[in-house]
Amino acid sequence: MSTAPLASGSTTTPTIDAVRVDGVGKIFPARKGAGVTALEAVDLTIAPGEFVSLIGPSGCGKSTLLRLIADLDVPTTGSIQVFGKTARQARIDQAYGIAFQQAGLLPWRSVRANIELPLELHRVGKADRAARSTELLALVGLTDFADKYPDQLSGGMQQRVAIARSLAESPGLLLMDEPFGALDEMTRERMQTELVRICAETGAAVVFVTHSIPEAVFLSNRVVVMSPRPGRIRDVIPVDLGRGAARAEGLREADSFFEAVVAVRESLHGESTATAATPSARGVDIR
């Protein structure tokens with residue numbers, strides 16, 4: 001099995017949606033009485049290379065929707081396609097990479113060996129594995145730590161290893177469930193900046209679950225705001241703040257950033273998004 005060049009992203013025809021969710025609902029059965037309706041009538045499309053964040057109150061079904069896209073669970077109603085394939089086939093074909101809040105690294109494997117694990121499981125040759133892990137170590141800035149072990153790394157570094165591992169098979173899609181949620185604020189901001197750079201370099205589409213409004217705005221092309229359970233899409237807010245290095249440099253201090261944060265916040269709380277933010281909004285706790 002060979003791996004694609006790092007910058008190629010998905011080899012799928014660009015006109016095919018990275019993710020297409022049609023009328024998806026999810027009911028978790030209960031031993032007695034009616035089941036719990038986690039999601040209801042969810043429709044969403046995500047383009048190749050697009051970064052979309054899911055945000056909403058706890059229990060609204062954000063992580064459930066991510067798990068359905070990843071084929072870690074199946075919808076009760078509706079359908080999901082990933083690059084034109086069923087979610088199950090996309091999982092079999094390794095069409096996506098996935099990262100969770102906990103890095104989930106194997107403590108007995110070095111950084112390089114953790115990154116190479118998906119390739120090893122799919123019987124990629126040793127030389128190809130080494131070449132790919134070297135490429136990814138450089139991408140996430142951990143070349144000097146290739147032979148270290150997870151307990152020798154900071155939390156942010158461990159998450160960088162997890163991201164590198166999720167990119168090992170050059171997926172066209174990354175599924176990320178609060179990957180920075182356990183990090184301190186300074187490390188979290190650095191990781192957000194790194195993720196913007198990595199996504200620009202790889203061209204992967206991203207579905208990103210977060211509870212942080214500023215994080216969603218900083219990272220995303222669009223922010224999907226979900227309602228309380230049963231989770232529905234309340235609003236989809238475009239975020240036009242540039243991409244790559246241009247987006248990261250000084251963005252958090254820009255008026256346009258605060259305007260977008262206020263728009264998401266108002267939608268999340270069921271308020272009108274018509275009112276523009278003013279510089280005074282900068283002092284407000286908006287998480």
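In what order do the six strands of the open sheet lie? The order is 6-7-8-3-9-10, and the pairing is mixed. Before going on, note that this is a predicted model, where local features need pLDDT of at least 70, side-chain atom pairs count only at pLDDT 80 or more, and totals for chains, interfaces and linings use all residues. Residues are numbered from 1 along each chain as its sequence is written, and side-chain values use heavy atoms, with hydrogens and water left out.

Strands here are DSSP runs of E with at least two residues, helices are runs of H or I with at least four, and both are numbered from the N terminus. Two strands pair if DSSP finds at least two bridges between them. At the edges sit strand 6 (96–99) and strand 10 (233–238), each pairing on one side only. Strand 6 runs parallel to strand 7 (residues 173–177), and four bridges join them. Look for Ile-98: its bridge partner in strand 7 is Leu-175.

Now for the rings. Rings of Phe, Tyr and Trp (its six-membered ring) pair if their centres lie within 6.5 Å; planes under 30 degrees apart count as stacked, over 60 as edge-to-face and the rest as tilted. The whole structure has three aromatic pairs. Phe-51 and Phe-208 make a tilted one, 5.7 Å centre to centre with 45° between the planes. Because Phe-51 lies in strand 3 and Phe-208 in strand 8, this pair ties together parts 157 residues apart in sequence. Both Phe-51 and Phe-208 are buried (under 20% relative accessible area; exposed is over 50%, partly exposed in between, with a 1.4 Å probe and protein chains only). Phe-180 joins Phe-51 and Phe-208 in a cluster linked by ring pairs.
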